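Biologist: Hi, I'm new to this one. Could you walk me through it?

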Amino acid sequence: MSDSVVRKCPAVRYANGRKERIEDPVAVETEVTLYLNGNKHICVSASADALKELGAGFFTASGLIQKIHSTEVRGSSVYVEAELTKHAGENEPSPLPYPGTDTVTVTADEIRDMSAALDTDIWQETGGLHSAALYYRHKKVTVFSDIARRNAVEKAVGYMALHGLPPKECILVSTGRQPQDMVEIAARAGIPVVISRAAATASGIAAADKWSITLVCFARGGRFTVYTHSERVLVDK
């Protein structure tokens, strides 16, 4: 793994009454600057990999763009050229097709396997990164990690946008808690199912219900909790 993402730092570990000097792998954050159509938009702290996906995902999830023309990474800066949405950033997400009118379903076994897919090597090595996975037609297409849960999810959304995958056939899986702003990423991207190992908040649940998103949380091992639009979750009776 690149030193720009993980770096070994000297430390002293204490365990069971003993101490030892170690080189501990830790996550590295980088200030990344995002540009839209040549204009500086925002600086974010992020893990310095998959920056093209981060830029594409950030602007897609912000509701600012409707079509990406190009993305380019120069050092720690990302330049996105895109067609803007009407009233960019002012409009809230539109409700997704009501469950039963789209094609996405997910089984209990799939939810278990999707949660397990978040156990990446870098996550296990550092314990300091969030992970997000994108599934398309029931198959894992990519997994990203980042110091921020939002960045990890936006990288997955960016991958979807850059590869032209239809959002209504995708599922987003995350290690992060699901408040409204996280659910809104999926809503703006058009993804109908969000699965997380972590908890939901009241605002996140209300947002998922409003925007017709199936929100599954506490997906760990063989258990999970479905908060909204459970019609998409297929469980043997």
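This is a predicted model: local features need pLDDT of at least 70, side-chain atom pairs count only at pLDDT 80 or more; totals for chains, interfaces and linings use all residues.

Biologist: What follows α1?

Modeller: G63 does, and its phi is positive, near 75°.

Biologist: Switching to charges. How many salt bridges are there?

Modeller: A search of the whole structure gives 12. A salt bridge is a side-chain nitrogen of Lys or Arg within 4 Å of a carboxyl oxygen of Asp or Glu.

Biologist: Which residue does E154 pair with?

Modeller: E154 bridges to R150, with the closest N and O atoms 2.8 Å apart. They sit four residues apart in helix α4 (residues 149-162), which means about one helical turn separates them.

Biologist: Why does that spacing work?

Modeller: An α-helix has 3.6 residues a turn, so residues three or four places apart point the same way.

Biologist: And is E154 buried or exposed?

Modeller: E154 is buried, at 1% relative accessibility. R150 is partly exposed, at 27%.

Biologist: What does R112 bridge to?

Modeller: R112 forms a salt bridge with D113, the closest N and O atoms being 3.2 Å apart. R112 also meets D109 in a salt bridge, at 3.4 Å from N to O. D109 and R112 are three residues apart in helix α2 (residues 108-116), about one helical turn.

Biologist: How exposed are those residues?

Modeller: D109 is partly exposed at 47%, R112 is partly exposed at 38%, and D113 is partly exposed at 43%.

Biologist: Which residues are linked in a network of salt bridges?

Modeller: R13, E20 and D24 are linked that way.

Biologist: New topic: how many aromatic pairs does the structure hold?

Modeller: Three. One of them is Y35 with Y79: the ring centres are 4.4 Å apart and the planes are at 15°, so this pair is stacked. Y35 is in strand β3 (residues 30-36) and Y79 in strand β6 (residues 77-84), so the pair ties together parts 44 residues apart in sequence. Y35 is buried, at 18%.

Biologist: What are the cut-offs for pairing?

Modeller: Rings of Phe, Tyr and Trp (its six-membered ring) pair if their centres lie within 6.5 Å; planes under 30 degrees apart are stacked, over 60 edge-to-face, and the rest tilted.

Biologist: What lies over the face of Y79?

Modeller: R74 does, at 4.0 Å from the ring centre. A charge counts as over a ring if NZ of Lys or CZ of Arg is within 6 Å of the ring centre and within 35 degrees of the ring normal.

Terms used: Residues are numbered from 1 along each chain as its sequence is written. Side-chain values use heavy atoms; hydrogens and water are left out. Helices (H or I, at least four residues) and strands (E, at least two) are DSSP runs, numbered from the N terminus. Buried means under 20% relative accessible area, exposed over 50%, partly exposed in between (1.4 Å probe, protein chains only).
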